[in-house]
Amino acid sequence: MMAQPVSAPGTHLPARAEPPRPRPAAAKAALLLAGAGLGAIIALGMADQPFSQLSAPGGELTFLGNLTALAGTYLALIMVLLISRIPAVERVLGQDGLVRWHKWLAPWPISLLIAHALLTTSGYAQAARTGAWHEAWAMLTQFPDVLLAAVGLGVMCAVGLVSIRAIRQRLSRETWWMIHLCMYLALALSFAHVIALGPSFVGHPLTRVVWSAFWAATAGLVLSYRFGLPVVRSLRHRLVVTEVRQEGPGVVSVICTGRALDALPVAGGQFFCWRFLARGLWWQAHPYSLSALPRPPYLRLTVKAVGGHSASLARLRPGTKVLVEGPYGAFTRQSRHHQRVLLVAGGIGVTALRSLLEDLPPSARPAVVLRVSRPEDLIFRDEIRDLAARRRGTVHEITGPRDSAVLDGPALSRLVPDLASRDVFVCGPQGFVASIVSVAKSLGVPDEAIHHEAFAL
Amino acid sequence: MKRAAWYVVTGAVTGFLSLLGLHAVTAAPDAVPAAAGSGEGSGISPVQPAGSTSPSETETAVSGGQGSSRGKGPGSASGPARQAAGAVESYGYGELAVTVTVKGADITSVAVPVLRVNDPPSAQIASYALPQLKAEVLAVNSARIHAISGATYTSDAYAASLQSALDKLHLL
């Protein structure tokens, strides 16, 4: 049976679980807490430090080595927390935003921890009045747990190295991902030597307890939300591919059926990470937006073939089991600051906006702008026109190659005169999204009223 | 989220000041002899010989003249030699106990029969600190010595153990 995502008037829609409201206060509290931890750990490294000790041989180097260790490890744990998908935070900041911060922060803990290793070794070498290489050897072979920590640091450096764009481009996504996951191992290896040797911890039982509690909490959150919840959801809903449908050149929709989909708290505009249990695909989970609200028992995602994974979706066989992680994304109607909205779709970005449109109330009076290169790329054209009409909205289709019909400030304000009083949702390729976001800002739309999702690897 | 950086910075400043404040409130600066027993959990014990906080002090500042008089009465080196063992002082990185030999009212020798350290860096520190501490004790003839910089915990424990030994002998 074909899924009919567009409801006829009067059709009774099965009741769906209302997704929880995003609470900005939760995200603000998380940011305050993260900052407080950073400040406290730096203070910890500086307290307990009598100035006379600094002038001892190796004193300054050891002090700096301790400080970099504390800050670096703390930031490494924050990195883990950023991608732990804690729902209360993810709902407000969005998974793509959190991943962006994760990438931005990455060089810091790695650099600080490398500095820590060098500074501490040099400092101990000076205190012991030996050469640095000799001291390093002594530390690796005699000091408790230092060898483990050194291995951990090596793994961390490897993870950092392969994430450098020039190197990452040469690796397959699976290889890069497998190496990246080893970061958990690197952190685990480093824990013991901190407790055994760190001057802030030796002789300070309370500090040890708090530090261990922080690690335990981080591990708990990761196990629960990053790994546990997705497994529970997948087992509960048992998604299976039912049909693969061609929507346009290079674009397919995958219809899945599942159990108890009315209990899946999805908002229009959100995405899942999809793991199709087929040969060659089972070890990868890729993010794709839903292109319609769940219509129990059906889910629809629509994908354009741009890479190996997306291209192989066209060949999925019905009956293939699917595991999902999500729903994720702050690209929802609940993030609005105004009632009215402007939806701007570039190319395949129309998929996320199609499900968002379906979720909007009539008071949103949506203005929809579809920007594509060729007319045949206008997928879901009828569905969108129908949904917009029901909400007394307007649809503008702009077709043409990239350099013609550019959506700049004047063009956009001609199409949508009341732009400054609308929330702007823009989705599509990265360059397109960036350009529309800056145009919207220049036309007076406040930052918090601009929502974007850029499709990128 | 806009202005996310402000929340982080605000949190950082608050956390930094709070921890320093908490630390100042809970830690009591101790003079070296009274730094005593625990070495654990008592937070900081900044290196404090009686009355002196000069940050430029480094190694054994033996030339007296600082702080109170290292008192004892007109000492005579005559009289029977007496010995006493001080309490085992645990100082986080290990534990030690000293044995003091006294003739009359003068300390003639200090030995460290008990020395257990947890890790090689502490062993290295102990190896250069203990001889200096002994020299200083002999020079000032009491347990009120300057700590060796870079060996604060070791010095505290050494002085505490020595003091407990001297107490047994009813000496200053």
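A: Arg422(A) counts as buried, at 7% relative accessibility; buried means under 20% relative accessible area, exposed over 50%, and partly exposed in between, with a 1.4 Å probe and protein chains only. Arg422(A) forms a salt bridge with Asp418(A), and their closest N and O atoms are 2.9 Å apart. The term salt bridge denotes a side-chain nitrogen of Lys or Arg within 4 Å of a carboxyl oxygen of Asp or Glu. Asp418(A), for its part, is partly exposed at 26% relative accessibility.

The model is predicted: local features need pLDDT of at least 70, side-chain atom pairs count only at pLDDT 80 or more, and totals for chains, interfaces and linings use all residues. Side-chain values use heavy atoms, with hydrogens and water left out; residues are numbered from 1 along each chain as its sequence is written, while chains are lettered from A and ligands numbered from 1 in the order in which they are written.

Another salt bridge joins Arg300(A) and Glu383(A), at 3.0 Å from N to O. Because Arg300(A) lies in strand β5 (residues 298-304) and Glu383(A) in helix α15 of chain A, this pair ties together parts that are 83 residues apart in sequence. Helices (H or I, at least four residues) and strands (E, at least two) are DSSP runs, numbered from the N terminus. Arg300(A) is buried, with a relative accessible area of 3%, and Glu383(A) is buried as well, at 17%. Both residues belong to a network of salt bridges that also links Arg295(A), Arg354(A) and Glu358(A).

The loop between β8 (367-372) and α15 (381-390) of chain A holds Asp377(A). Asp377(A) counts as buried, at 18% relative accessibility. Apart from neighbours within four places in sequence, Asp377(A) is in contact (heavy atoms within 4.5 Å) with Pro249(A) and Val372(A).

A further pair is found in helix α5 of chain A, where Asp96(A) and Arg100(A) are four residues apart and therefore separated by about one helical turn. The closest N and O atoms of their salt bridge are 3.8 Å apart. Asp96(A) is partly exposed, at 23% relative accessibility, and Arg100(A) is also partly exposed, with a relative accessible area of 44%.

Over all chains, the rule gives a count of 19 salt bridges. Across the interface of chain A and chain B, by contrast, the rule finds zero salt bridges.
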